[in-house]
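Have the viewer open as you read.

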Amino acid sequence: SRPRGVTLGRPGADPVSGGNRAPTMRRPSLPTGSRRWILAAVAVVVVLVVAFSVASSFYIDLLWFRELQFTSVFWTTLRTKILLGLVFGLLFFALLYANLLIVRRSSPSGPPLRIVSPEQEALDRLRRMVDPYLRWVVPAACAVLALLVGINTSSQWSTYLLWRNGQGESFGVQEQLFNRDPSFYIFTLPWLHFLQSWVFSSLLGVTVLAGIAPFAWGGIQPT
């Protein structure tokens, strides 16, 4: 005999409707190791494509200048680009990293004094989770930004060469407004204008990033 209120049905039947339950399908997932290998392979392919594009462009330019017998112009341009990229990239890296380091050391290291919302609690939990990796994430991010700044600055190679090679050059006349030789406006002023704009934009960018960092590190908390 079976107890009252218990209905026997077919295996796999739904106890409410009495029909067959639809089998649950699980999506196949790749192991963690396989995903890492796929991401690494994609990254290697992207790096190889970028490297091939840069190398092919470099070689084509070299052949063109060599055909015109202006190889010295090619190497001078290349050295100037590398010099500008390194100098201004390192300056930006030092400026940004020093400010972020000051913000990091002045931020509290313990848990927040007051949790006012679940969102802030989740943000603090995420902050504690990534805190051990900030030692190398921060300089790596600064290096990436400095690389972009250096690449952008290297495009000013012609302005720099005009300023460097135009020192001491004169047209022998003076304009009537500021009593300057026209060579100043052709060789010197563009370089000074670039320096002024670079300093302003770099300080503005560093100020913005240094102002955002305290919120990410818990240095500024709502009360």
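**Rings and a helix crossing**

F93 and Y97 sit four residues apart in helix α2, about one turn of the helix (helices are DSSP runs of H or I, at least four residues, numbered from the N terminus). This is a predicted model, where local features need pLDDT of at least 70, side-chain atom pairs count only at pLDDT 80 or more, and totals for chains, interfaces and linings use all residues. Residues are numbered from 1 along each chain as its sequence is written, and side-chain values use heavy atoms, with hydrogens and water left out.

Now for the aromatics: there are 14 aromatic pairs in the structure (Phe, Tyr or six-membered Trp rings with centres within 6.5 Å; planes under 30 degrees apart are stacked, over 60 edge-to-face, the rest tilted). With ring centres 4.9 Å apart and planes at 75°, F88 and W198 are edge-to-face. F88 belongs to α2 and W198 to α6 (residues 182-217), so this pair ties together parts 110 residues apart in sequence. Both F88 and W198 are buried (under 20% relative accessible area; exposed is over 50%, partly exposed in between, with a 1.4 Å probe and protein chains only). Ring pairs also join F88 and W198 with Y160, W163, W191 and F194 in a cluster.

Next, the loop between α4 (134-153) and α5, where you'll find S154. S154 is buried, at 15% relative accessible area. Beyond its neighbours within four places in sequence, S154 is in contact with K81, L84 and G85 (heavy atoms within 4.5 Å).

Key. Helix = DSSP H or I, 4+ residues; strand = E, 2+ residues; numbered from the N terminus.
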